[in-house]
Amino acid sequence: MAARRLSSVLSRSLSLSPALGSSSFLRSLASGSSVSGNSCTSRYSTSAAVEELITPPIEVTYTKNLINGHFVDAASGKTFPTYDPRSGEVLAHVAEGDAEDIDRAVAAARKAFDEGPWPKMTAYERSRVLLRFADLVEKHNDEISALESWNNGKPFEQAAKAEVPMLARLFRYYAGWADKIHGLTVPADGNYHVQTLHEPIGVAGQIIPWNFPLLMFAWKVGPALACGNTIVLKTAEQTPLTALYVGRLLLEAGLPPGVLNIVSGFGPTAGAALASHMDVDKLAFTGSTNTGKIVLELAARSNLKPVTLELGGKSPFIVCEDADIDHAVELAHFALFFNQGQCCCAGSRTFVHESVYDEFTEKAKARALNRIVGDPFKKGVEQGPQIDSEQFKKILKYIKSGVESNATLECGGERFGSKGYFIQPTVFSNVQDDMLIAQEEIFGPVQTILKFKEIDEVIRRANASKYGLAAGVFTKNIDTANTLTRALRAGTVWVNCFDVFDAAIPFGGYKMSGIGREKGIYSLSNYLQVKAVVTALKKPAWL
(Lines give C-alpha, C1' and ligand atoms only; values in the text may rest on other atoms or scores of the structure.)
Protein backbone atom coordinates (compact mmCIF):
# COMPACT_ATOMS: atom_id res chain seq x y z
CA MET A 1 0.00 0.00 0.00
CA ALA A 2 1.33 3.44 -0.79
CA ALA A 3 2.03 5.36 2.38
CA ARG A 4 2.83 8.80 1.05
CA ARG A 5 0.00 10.86 2.44
CA LEU A 6 -1.13 10.35 6.00
CA SER A 7 -3.85 12.92 5.42
CA SER A 8 -5.45 10.83 2.70
CA VAL A 9 -4.68 7.42 4.15
CA LEU A 10 -6.24 8.34 7.48
CA SER A 11 -9.42 9.97 6.26
CA ARG A 12 -12.58 8.96 8.07
CA SER A 13 -13.79 7.00 5.08
CA LEU A 14 -11.02 4.42 5.51
CA SER A 15 -11.92 0.81 5.00
CA LEU A 16 -9.68 -2.22 5.38
CA SER A 17 -7.71 -3.13 2.30
CA PRO A 18 -8.49 -6.59 0.89
CA ALA A 19 -5.10 -7.89 1.95
CA LEU A 20 -5.42 -6.69 5.52
CA GLY A 21 -9.13 -7.28 5.84
CA SER A 22 -8.81 -10.93 4.89
CA SER A 23 -6.35 -11.80 7.65
CA SER A 24 -7.46 -13.88 10.59
CA PHE A 25 -5.63 -11.38 12.80
CA LEU A 26 -7.89 -8.51 11.77
CA ARG A 27 -10.99 -10.67 11.79
CA SER A 28 -10.26 -11.47 15.42
CA LEU A 29 -10.00 -7.77 16.19
CA ALA A 30 -13.20 -7.00 14.35
CA SER A 31 -15.09 -9.70 16.21
CA GLY A 32 -13.79 -8.52 19.57
CA SER A 33 -13.63 -12.16 20.62
CA SER A 34 -10.84 -11.61 23.13
CA VAL A 35 -11.56 -8.87 25.63
CA SER A 36 -10.77 -7.65 29.09
CA GLY A 37 -13.23 -6.19 31.54
CA ASN A 38 -12.50 -2.48 31.15
CA SER A 39 -15.06 -0.41 29.27
CA CYS A 40 -15.06 2.91 27.50
CA THR A 41 -18.00 4.82 26.01
CA SER A 42 -17.81 7.55 23.38
CA ARG A 43 -19.95 10.60 24.19
CA TYR A 44 -18.88 12.38 21.03
CA SER A 45 -19.71 10.31 18.00
CA THR A 46 -23.27 9.59 16.97
CA SER A 47 -22.17 5.97 16.77
CA ALA A 48 -21.34 5.96 20.47
CA ALA A 49 -21.54 2.58 22.16
CA VAL A 50 -20.19 0.91 25.26
CA GLU A 51 -17.22 -1.23 24.32
CA GLU A 52 -14.91 -3.56 26.18
CA LEU A 53 -11.23 -3.38 25.49
CA ILE A 54 -10.03 -5.84 22.90
CA THR A 55 -6.95 -7.89 23.72
CA PRO A 56 -4.96 -8.21 20.48
CA PRO A 57 -3.95 -11.77 19.52
CA ILE A 58 -0.21 -11.19 19.87
CA GLU A 59 2.33 -12.06 22.53
CA VAL A 60 5.00 -9.68 23.80
CA THR A 61 8.14 -11.67 23.00
CA TYR A 62 11.08 -9.25 22.87
CA THR A 63 11.70 -7.38 26.12
CA LYS A 64 15.48 -7.62 26.52
CA ASN A 65 18.14 -5.29 25.18
CA LEU A 66 19.54 -6.11 21.75
CA ILE A 67 23.36 -5.97 21.97
CA ASN A 68 25.80 -7.51 19.51
CA GLY A 69 23.10 -9.57 17.80
CA HIS A 70 21.67 -11.09 20.99
CA PHE A 71 18.75 -10.24 23.27
CA VAL A 72 20.24 -9.91 26.74
CA ASP A 73 19.17 -8.88 30.23
CA ALA A 74 20.26 -5.52 31.61
CA ALA A 75 23.66 -5.61 33.27
CA SER A 76 22.00 -4.74 36.57
CA GLY A 77 19.31 -7.37 36.12
CA LYS A 78 16.67 -4.67 36.58
CA THR A 79 13.45 -4.39 34.61
CA PHE A 80 10.81 -1.69 34.36
CA PRO A 81 7.10 -1.89 33.48
CA THR A 82 5.67 -0.67 30.21
CA TYR A 83 1.95 0.02 30.17
CA ASP A 84 -1.23 -0.31 28.13
CA PRO A 85 -2.42 3.33 28.02
CA ARG A 86 -6.02 2.19 27.48
CA SER A 87 -6.17 0.93 31.05
CA GLY A 88 -2.95 1.93 32.80
CA GLU A 89 -2.23 -1.73 33.42
CA VAL A 90 1.22 -3.28 33.00
CA LEU A 91 1.73 -4.71 29.53
CA ALA A 92 5.22 -6.16 30.02
CA HIS A 93 8.43 -5.80 32.02
CA VAL A 94 11.41 -4.66 29.96
CA ALA A 95 15.15 -4.81 30.64
CA GLU A 96 16.22 -1.50 32.19
CA GLY A 97 19.42 -0.43 30.52
CA ASP A 98 21.75 2.07 32.14
CA ALA A 99 25.30 3.37 31.62
CA GLU A 100 26.88 -0.09 31.71
CA ASP A 101 24.50 -1.38 29.04
CA ILE A 102 25.25 1.67 26.90
CA ASP A 103 28.97 0.95 27.29
CA ARG A 104 28.43 -2.63 26.13
CA ALA A 105 26.28 -1.53 23.19
CA VAL A 106 28.77 1.14 22.10
CA ALA A 107 31.63 -1.38 22.33
CA ALA A 108 29.67 -3.77 20.11
CA ALA A 109 28.89 -1.01 17.64
CA ARG A 110 32.50 0.18 17.59
CA LYS A 111 33.84 -3.32 16.94
CA ALA A 112 31.24 -3.86 14.21
CA PHE A 113 32.31 -0.59 12.56
CA ASP A 114 36.07 -1.00 12.92
CA GLU A 115 36.33 -4.74 12.29
CA GLY A 116 32.98 -5.98 11.03
CA PRO A 117 31.67 -6.47 7.49
CA TRP A 118 29.01 -3.73 7.37
CA PRO A 119 31.10 -0.66 6.40
CA LYS A 120 33.26 -2.82 4.12
CA MET A 121 30.29 -4.45 2.43
CA THR A 122 29.44 -3.13 -1.03
CA ALA A 123 26.72 -0.53 -0.98
CA TYR A 124 24.60 -2.79 -3.16
CA GLU A 125 24.80 -5.58 -0.58
CA ARG A 126 23.81 -3.17 2.18
CA SER A 127 20.82 -2.08 0.11
CA ARG A 128 19.74 -5.70 -0.30
CA VAL A 129 19.67 -6.15 3.49
CA LEU A 130 17.46 -3.06 3.87
CA LEU A 131 15.14 -4.29 1.10
CA ARG A 132 14.81 -7.71 2.74
CA PHE A 133 13.94 -5.97 5.98
CA ALA A 134 11.20 -3.96 4.24
CA ASP A 135 9.75 -7.21 2.88
CA LEU A 136 9.72 -8.69 6.40
CA VAL A 137 7.98 -5.59 7.77
CA GLU A 138 5.22 -6.05 5.21
CA LYS A 139 4.98 -9.76 6.02
CA HIS A 140 4.53 -8.98 9.74
CA ASN A 141 2.45 -5.82 9.26
CA ASP A 142 -0.43 -6.95 11.48
CA GLU A 143 1.70 -8.06 14.42
CA ILE A 144 3.89 -4.94 14.33
CA SER A 145 0.82 -2.68 14.07
CA ALA A 146 -0.90 -4.39 16.98
CA LEU A 147 2.16 -4.07 19.19
CA GLU A 148 2.55 -0.39 18.26
CA SER A 149 -1.08 0.33 19.06
CA TRP A 150 -1.07 -1.69 22.27
CA ASN A 151 2.02 0.02 23.69
CA ASN A 152 1.28 3.52 22.37
CA GLY A 153 -2.52 3.83 22.23
CA LYS A 154 -2.77 5.02 18.62
CA PRO A 155 -5.59 3.58 16.48
CA PHE A 156 -4.72 0.19 15.04
CA GLU A 157 -5.97 1.26 11.61
CA GLN A 158 -3.57 4.23 11.67
CA ALA A 159 -0.65 1.94 12.45
CA ALA A 160 -1.65 -0.84 10.03
CA LYS A 161 -2.59 1.30 7.04
CA ALA A 162 -0.18 4.21 7.29
CA GLU A 163 2.67 3.98 9.76
CA VAL A 164 3.91 0.41 9.33
CA PRO A 165 3.64 0.60 5.52
CA MET A 166 5.56 3.86 5.75
CA LEU A 167 8.24 2.10 7.81
CA ALA A 168 8.75 -0.29 4.89
CA ARG A 169 8.62 2.57 2.38
CA LEU A 170 11.29 4.56 4.21
CA PHE A 171 13.68 1.62 4.33
CA ARG A 172 13.17 0.98 0.62
CA TYR A 173 13.89 4.66 0.00
CA TYR A 174 17.18 4.50 1.90
CA ALA A 175 18.07 1.16 0.33
CA GLY A 176 17.87 3.02 -2.96
CA TRP A 177 20.33 5.63 -1.72
CA ALA A 178 22.95 3.18 -0.43
CA ASP A 179 24.79 2.75 -3.74
CA LYS A 180 24.32 6.36 -4.89
CA ILE A 181 26.40 8.03 -2.20
CA HIS A 182 29.59 9.36 -3.76
CA GLY A 183 31.99 12.28 -3.71
CA LEU A 184 33.16 14.71 -6.37
CA THR A 185 36.20 15.46 -8.48
CA VAL A 186 37.13 19.06 -7.77
CA PRO A 187 39.20 21.33 -10.05
CA ALA A 188 42.01 23.15 -8.24
CA ASP A 189 44.66 25.72 -9.11
CA GLY A 190 47.95 23.94 -9.83
CA ASN A 191 49.05 20.42 -10.67
CA TYR A 192 46.75 18.54 -8.34
CA HIS A 193 44.06 15.92 -8.56
CA VAL A 194 41.39 16.65 -5.93
CA GLN A 195 38.54 14.35 -4.96
CA THR A 196 36.12 14.21 -2.07
CA LEU A 197 35.13 11.02 -0.31
CA HIS A 198 31.83 10.64 1.55
CA GLU A 199 32.61 8.28 4.41
CA PRO A 200 30.36 6.82 7.14
CA ILE A 201 30.70 8.81 10.34
CA GLY A 202 31.12 5.77 12.61
CA VAL A 203 29.03 4.88 15.66
CA ALA A 204 25.74 6.78 15.69
CA GLY A 205 23.82 7.25 18.93
CA GLN A 206 20.09 7.70 18.40
CA ILE A 207 17.32 8.54 20.87
CA ILE A 208 13.72 8.22 19.67
CA PRO A 209 10.43 9.43 21.19
CA TRP A 210 7.23 7.66 22.16
CA ASN A 211 4.69 9.33 19.86
CA PHE A 212 5.80 7.66 16.61
CA PRO A 213 8.17 4.88 17.72
CA LEU A 214 8.40 3.06 14.38
CA LEU A 215 8.51 6.09 12.11
CA MET A 216 11.22 7.71 14.21
CA PHE A 217 13.09 4.39 14.12
CA ALA A 218 12.97 4.55 10.32
CA TRP A 219 13.90 8.24 10.10
CA LYS A 220 17.08 7.59 12.07
CA VAL A 221 18.11 3.98 11.48
CA GLY A 222 17.40 4.01 7.72
CA PRO A 223 19.86 6.71 6.62
CA ALA A 224 22.49 5.69 9.18
CA LEU A 225 22.57 2.11 7.86
CA ALA A 226 22.45 3.19 4.21
CA CYS A 227 25.59 5.25 4.81
CA GLY A 228 27.42 2.30 6.37
CA ASN A 229 27.34 3.29 10.05
CA THR A 230 26.69 1.25 13.16
CA ILE A 231 24.10 2.28 15.74
CA VAL A 232 23.18 2.36 19.41
CA LEU A 233 19.50 3.23 19.66
CA LYS A 234 17.76 4.17 22.90
CA THR A 235 14.00 3.75 22.82
CA ALA A 236 11.53 5.85 24.76
CA GLU A 237 10.80 4.19 28.10
CA GLN A 238 7.06 4.45 27.39
CA THR A 239 7.23 2.53 24.10
CA PRO A 240 10.15 0.09 23.90
CA LEU A 241 8.41 -2.91 22.34
CA THR A 242 8.18 -2.34 18.58
CA ALA A 243 11.81 -1.27 18.11
CA LEU A 244 12.92 -4.54 19.70
CA TYR A 245 10.52 -6.49 17.47
CA VAL A 246 11.72 -4.93 14.22
CA GLY A 247 15.32 -5.11 15.43
CA ARG A 248 14.90 -8.87 15.35
CA LEU A 249 13.60 -8.60 11.78
CA LEU A 250 16.71 -6.67 10.74
CA LEU A 251 18.85 -9.51 12.06
CA GLU A 252 16.70 -11.95 10.11
CA ALA A 253 17.24 -9.79 7.01
CA GLY A 254 21.00 -10.29 7.32
CA LEU A 255 22.20 -7.30 9.35
CA PRO A 256 25.49 -8.37 10.97
CA PRO A 257 25.69 -8.55 14.79
CA GLY A 258 26.61 -5.30 16.50
CA VAL A 259 25.51 -3.05 13.64
CA LEU A 260 22.22 -2.18 15.38
CA ASN A 261 22.08 -2.26 19.17
CA ILE A 262 18.88 -1.33 21.03
CA VAL A 263 18.82 -0.36 24.70
CA SER A 264 15.61 0.33 26.62
CA GLY A 265 15.92 2.67 29.57
CA PHE A 266 15.38 6.11 31.00
CA GLY A 267 16.70 9.47 29.86
CA PRO A 268 18.73 10.47 32.95
CA THR A 269 20.56 7.11 32.93
CA ALA A 270 20.73 5.40 29.54
CA GLY A 271 20.00 8.52 27.49
CA ALA A 272 22.55 10.68 29.28
CA ALA A 273 25.16 7.93 29.03
CA LEU A 274 24.66 7.70 25.28
CA ALA A 275 24.70 11.47 24.72
CA SER A 276 27.93 11.90 26.71
CA HIS A 277 29.73 8.77 25.53
CA MET A 278 33.25 9.46 24.29
CA ASP A 279 33.17 6.69 21.68
CA VAL A 280 29.95 7.78 19.97
CA ASP A 281 30.68 9.75 16.80
CA LYS A 282 27.27 11.22 16.07
CA LEU A 283 24.04 11.81 18.03
CA ALA A 284 20.45 12.20 16.80
CA PHE A 285 17.59 13.04 19.15
CA THR A 286 13.86 13.59 18.77
CA GLY A 287 11.90 14.89 21.75
CA SER A 288 11.11 18.01 23.72
CA THR A 289 13.07 21.22 23.33
CA ASN A 290 14.09 21.25 27.00
CA THR A 291 15.52 17.73 26.78
CA GLY A 292 17.15 18.62 23.47
CA LYS A 293 19.13 21.35 25.22
CA ILE A 294 20.42 18.82 27.73
CA VAL A 295 21.36 16.36 24.98
CA LEU A 296 23.22 19.08 23.07
CA GLU A 297 25.13 20.14 26.19
CA LEU A 298 26.12 16.56 27.04
CA ALA A 299 27.36 16.00 23.50
CA ALA A 300 29.39 19.22 23.59
CA ARG A 301 30.90 18.54 27.02
CA SER A 302 32.04 15.05 26.00
CA ASN A 303 33.70 14.66 22.60
CA LEU A 304 31.93 17.49 20.75
CA LYS A 305 30.01 14.98 18.63
CA PRO A 306 27.71 16.51 15.99
CA VAL A 307 24.04 16.49 16.97
CA THR A 308 20.81 16.42 14.98
CA LEU A 309 17.75 17.60 16.92
CA GLU A 310 14.07 17.38 16.00
CA LEU A 311 12.24 19.14 18.81
CA GLY A 312 8.96 20.81 19.75
CA GLY A 313 6.55 22.94 17.82
CA LYS A 314 3.56 25.25 18.05
CA SER A 315 2.64 25.27 14.40
CA PRO A 316 0.22 27.82 12.93
CA PHE A 317 -2.60 26.65 10.67
CA ILE A 318 -3.85 29.71 8.75
CA VAL A 319 -7.35 29.75 7.24
CA CYS A 320 -7.78 32.66 4.84
CA GLU A 321 -11.06 34.40 4.02
CA ASP A 322 -11.40 32.69 0.61
CA ALA A 323 -11.12 29.18 2.02
CA ASP A 324 -13.58 26.36 1.47
CA ILE A 325 -14.71 26.29 5.10
CA ASP A 326 -15.92 22.70 5.24
CA HIS A 327 -12.64 21.45 3.81
CA ALA A 328 -10.61 23.77 6.03
CA VAL A 329 -12.44 22.60 9.14
CA GLU A 330 -11.74 18.95 8.34
CA LEU A 331 -8.08 19.59 7.55
CA ALA A 332 -7.55 21.75 10.64
CA HIS A 333 -9.20 19.02 12.71
CA PHE A 334 -6.83 16.43 11.27
CA ALA A 335 -3.83 18.74 11.69
CA LEU A 336 -4.48 19.01 15.43
CA PHE A 337 -6.16 15.81 16.58
CA PHE A 338 -4.11 13.30 14.57
CA ASN A 339 -2.33 10.82 16.85
CA GLN A 340 -4.31 12.11 19.88
CA GLY A 341 -2.69 15.51 19.32
CA GLN A 342 0.67 13.97 20.20
CA CYS A 343 2.49 15.27 17.15
CA CYS A 344 5.39 17.75 17.23
CA CYS A 345 4.17 19.51 14.08
CA ALA A 346 0.46 19.57 15.04
CA GLY A 347 -1.42 22.61 13.73
CA SER A 348 -1.95 23.77 17.29
CA ARG A 349 -2.58 27.46 16.61
CA THR A 350 -5.53 27.70 14.25
CA PHE A 351 -5.62 31.26 12.87
CA VAL A 352 -8.94 32.02 11.12
CA HIS A 353 -9.84 35.17 9.21
CA GLU A 354 -12.42 37.29 11.01
CA SER A 355 -14.90 37.11 8.12
CA VAL A 356 -15.28 33.34 8.45
CA TYR A 357 -14.33 32.92 12.11
CA ASP A 358 -17.78 32.26 13.56
CA GLU A 359 -18.74 29.76 10.88
CA PHE A 360 -15.43 27.97 11.19
CA THR A 361 -15.66 27.78 14.99
CA GLU A 362 -19.16 26.29 14.97
CA LYS A 363 -18.19 23.66 12.43
CA ALA A 364 -14.92 22.88 14.23
CA LYS A 365 -16.90 22.32 17.42
CA ALA A 366 -19.35 20.04 15.63
CA ARG A 367 -16.51 18.02 14.10
CA ALA A 368 -14.83 17.58 17.49
CA LEU A 369 -18.11 16.45 19.05
CA ASN A 370 -18.43 13.89 16.30
CA ARG A 371 -14.93 12.50 16.78
CA ILE A 372 -14.94 8.80 17.65
CA VAL A 373 -13.00 8.13 20.84
CA GLY A 374 -12.43 4.66 22.23
CA ASP A 375 -10.45 1.46 22.14
CA PRO A 376 -7.87 1.92 19.36
CA PHE A 377 -8.37 -1.69 18.30
CA LYS A 378 -12.03 -1.08 17.48
CA LYS A 379 -12.69 -0.39 13.79
CA GLY A 380 -13.55 3.23 13.04
CA VAL A 381 -12.06 4.71 16.22
CA GLU A 382 -10.22 7.96 15.49
CA GLN A 383 -8.77 8.74 18.90
CA GLY A 384 -7.26 6.47 21.52
CA PRO A 385 -5.72 7.32 24.90
CA GLN A 386 -2.83 9.66 25.65
CA ILE A 387 0.48 7.92 26.25
CA ASP A 388 0.62 7.92 30.05
CA SER A 389 -0.51 9.48 33.30
CA GLU A 390 2.07 12.27 33.16
CA GLN A 391 0.98 13.45 29.71
CA PHE A 392 -2.69 13.01 30.65
CA LYS A 393 -2.34 15.29 33.68
CA LYS A 394 -0.28 17.83 31.73
CA ILE A 395 -2.99 18.20 29.07
CA LEU A 396 -5.75 18.63 31.65
CA LYS A 397 -3.61 21.28 33.34
CA TYR A 398 -3.37 23.22 30.08
CA ILE A 399 -7.13 22.92 29.56
CA LYS A 400 -7.68 24.36 33.03
CA SER A 401 -5.30 27.21 32.17
CA GLY A 402 -7.31 27.97 29.03
CA VAL A 403 -10.55 28.20 31.01
CA GLU A 404 -8.95 30.36 33.70
CA SER A 405 -7.52 32.75 31.08
CA ASN A 406 -11.07 33.30 29.72
CA ALA A 407 -10.76 31.47 26.42
CA THR A 408 -14.15 30.06 25.41
CA LEU A 409 -14.37 26.31 25.97
CA GLU A 410 -16.55 25.23 23.04
CA CYS A 411 -16.50 21.52 23.86
CA GLY A 412 -14.60 18.82 25.73
CA GLY A 413 -12.17 19.72 28.46
CA GLU A 414 -12.56 16.64 30.63
CA ARG A 415 -11.43 13.10 31.08
CA PHE A 416 -13.12 10.56 28.84
CA GLY A 417 -14.26 7.41 30.62
CA SER A 418 -13.08 6.23 34.03
CA LYS A 419 -9.94 4.22 33.21
CA GLY A 420 -6.90 4.75 31.08
CA TYR A 421 -5.71 8.08 29.72
CA PHE A 422 -8.51 9.18 27.40
CA ILE A 423 -9.32 12.90 27.05
CA GLN A 424 -12.33 14.44 25.34
CA PRO A 425 -11.61 16.25 22.05
CA THR A 426 -11.39 19.87 23.18
CA VAL A 427 -11.92 23.12 21.28
CA PHE A 428 -11.20 26.65 22.55
CA SER A 429 -12.27 29.81 20.74
CA ASN A 430 -11.51 33.47 21.49
CA VAL A 431 -7.92 32.49 22.20
CA GLN A 432 -5.39 35.30 22.61
CA ASP A 433 -1.68 35.17 21.77
CA ASP A 434 -0.56 35.72 25.37
CA MET A 435 -2.43 32.69 26.74
CA LEU A 436 -0.40 29.61 27.70
CA ILE A 437 -2.53 27.43 25.44
CA ALA A 438 -1.45 29.62 22.50
CA GLN A 439 2.22 29.68 23.44
CA GLU A 440 3.25 26.30 24.84
CA GLU A 441 3.22 22.85 23.28
CA ILE A 442 0.23 20.99 24.77
CA PHE A 443 0.79 17.71 22.90
CA GLY A 444 -2.82 16.65 23.24
CA PRO A 445 -6.31 16.85 21.68
CA VAL A 446 -6.80 20.57 22.33
CA GLN A 447 -7.60 22.89 19.40
CA THR A 448 -7.11 26.63 19.92
CA ILE A 449 -8.81 28.98 17.43
CA LEU A 450 -7.50 32.54 17.06
CA LYS A 451 -8.90 35.39 14.94
CA PHE A 452 -6.93 37.54 12.49
CA LYS A 453 -7.75 40.41 10.13
CA GLU A 454 -4.79 41.08 7.80
CA ILE A 455 -2.12 38.89 6.16
CA ASP A 456 0.76 40.98 7.54
CA GLU A 457 -0.77 40.68 10.99
CA VAL A 458 -1.07 36.89 10.89
CA ILE A 459 2.49 36.54 9.57
CA ARG A 460 3.79 38.57 12.50
CA ARG A 461 1.73 36.61 15.04
CA ALA A 462 2.47 33.21 13.51
CA ASN A 463 6.21 33.92 13.65
CA ALA A 464 6.05 35.24 17.23
CA SER A 465 6.94 31.87 18.69
CA LYS A 466 10.15 30.26 19.88
CA TYR A 467 9.27 27.32 17.65
CA GLY A 468 9.45 26.99 13.86
CA LEU A 469 8.76 23.38 12.97
CA ALA A 470 5.83 23.56 10.53
CA ALA A 471 2.89 25.61 9.31
CA GLY A 472 -0.29 25.16 7.30
CA VAL A 473 -1.81 27.60 4.82
CA PHE A 474 -5.36 27.24 3.52
CA THR A 475 -6.29 29.53 0.62
CA LYS A 476 -7.41 29.49 -3.01
CA ASN A 477 -5.23 32.50 -3.88
CA ILE A 478 -1.78 31.59 -5.23
CA ASP A 479 -0.40 35.04 -4.41
CA THR A 480 -1.52 34.72 -0.80
CA ALA A 481 -0.03 31.24 -0.63
CA ASN A 482 3.29 32.45 -2.04
CA THR A 483 3.41 35.37 0.36
CA LEU A 484 2.78 33.18 3.39
CA THR A 485 5.07 30.29 2.45
CA ARG A 486 8.02 32.64 2.08
CA ALA A 487 7.24 34.71 5.17
CA LEU A 488 6.58 31.92 7.66
CA ARG A 489 9.70 30.87 9.59
CA ALA A 490 9.11 27.15 9.61
CA GLY A 491 10.90 24.09 8.26
CA THR A 492 7.81 22.80 6.45
CA VAL A 493 4.83 24.74 5.08
CA TRP A 494 1.88 22.70 3.84
CA VAL A 495 -0.46 24.51 1.43
CA ASN A 496 -4.04 23.19 1.30
CA CYS A 497 -2.83 19.95 2.92
CA PHE A 498 -1.18 18.86 6.14
CA ASP A 499 1.02 16.06 7.49
CA VAL A 500 2.24 14.94 4.08
CA PHE A 501 5.29 12.84 5.00
CA ASP A 502 6.76 11.41 1.83
CA ALA A 503 10.08 9.63 2.34
CA ALA A 504 11.85 12.16 0.10
CA ILE A 505 10.54 15.31 1.84
CA PRO A 506 13.00 16.74 4.38
CA PHE A 507 11.69 17.50 7.86
CA GLY A 508 13.12 19.72 10.57
CA GLY A 509 12.69 23.06 12.23
CA TYR A 510 13.77 26.66 12.53
CA LYS A 511 14.63 28.32 15.84
CA MET A 512 14.09 26.11 18.91
CA SER A 513 12.41 23.37 16.90
CA GLY A 514 15.72 21.75 16.13
CA ILE A 515 18.97 21.45 14.21
CA GLY A 516 19.32 19.68 10.87
CA ARG A 517 16.89 17.77 8.65
CA GLU A 518 15.62 14.20 8.59
CA LYS A 519 14.24 12.25 5.63
CA GLY A 520 15.12 12.80 2.01
CA ILE A 521 18.59 13.40 0.60
CA TYR A 522 19.35 15.95 3.32
CA SER A 523 19.31 13.29 6.04
CA LEU A 524 22.29 11.47 4.51
CA SER A 525 24.67 14.30 5.39
CA ASN A 526 23.90 13.67 9.08
CA TYR A 527 25.70 10.33 8.86
CA LEU A 528 28.61 11.11 6.52
CA GLN A 529 32.01 12.72 6.82
CA VAL A 530 33.47 14.57 3.82
CA LYS A 531 37.17 13.96 3.22
CA ALA A 532 39.24 15.89 0.70
CA VAL A 533 42.03 13.90 -0.98
CA VAL A 534 44.67 15.98 -2.81
CA THR A 535 47.27 14.21 -4.98
CA ALA A 536 50.16 15.97 -6.70
CA LEU A 537 50.31 15.44 -10.47
CA LYS A 538 53.57 15.19 -12.38
CA LYS A 539 53.46 16.50 -15.94
CA PRO A 540 49.68 16.19 -16.34
CA ALA A 541 48.33 16.07 -19.89
CA TRP A 542 45.55 18.42 -18.83
CA LEU A 543 44.15 20.23 -15.79
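How many aromatic pairs does the structure hold? The structure, which is a predicted model, holds 19 aromatic pairs. Rings of Phe, Tyr and Trp (its six-membered ring) pair if their centres lie within 6.5 Å, and planes under 30 degrees apart count as stacked, over 60 as edge-to-face and the rest as tilted. One of these pairs joins Phe133 and Phe171: the ring centres are 4.7 Å apart and the planes stand at 70°, so the pair is edge-to-face. Because Phe133 belongs to helix α5 (residues 123-139) and Phe171 to helix α7 (residues 156-178), the pair ties together parts that are 38 residues apart in sequence. Helices are DSSP runs (H or I, at least four residues) numbered from the N terminus. Both Phe133 and Phe171 are buried, a term for under 20% relative accessible area with a 1.4 Å probe and protein chains only.

Elsewhere, one aromatic cluster is formed by Trp219, Phe317, Phe474, Trp494, Phe498, Phe501 and Phe507.

Charges also meet rings. The charged end of Lys282 sits over the ring of Tyr527, 5.8 Å from its centre, and Lys451 lies over the face of Tyr357, at 4.9 Å from the ring centre. A charge sits over a ring if NZ of Lys or CZ of Arg is within 6 Å of the ring centre and within 35 degrees of the ring normal.

Ala273 is placed in helix α10 (residues 267-275) and counts as buried because its relative accessibility is 14%. Apart from neighbours within four places in sequence, Ala273 is in contact (heavy atoms within 4.5 Å) with Ala99 and Ile102.

Residues are numbered from 1 along each chain as its sequence is written. Local features need pLDDT of at least 70, side-chain atom pairs count only at pLDDT 80 or more, totals for chains, interfaces and linings use all residues, and side-chain values use heavy atoms, with hydrogens and water left out.

Notes:
Helices (H or I, at least four residues) and strands (E, at least two) are DSSP runs, numbered from the N terminus. Buried means under 20% relative accessible area, exposed over 50%, partly exposed in between (1.4 Å probe, protein chains only).
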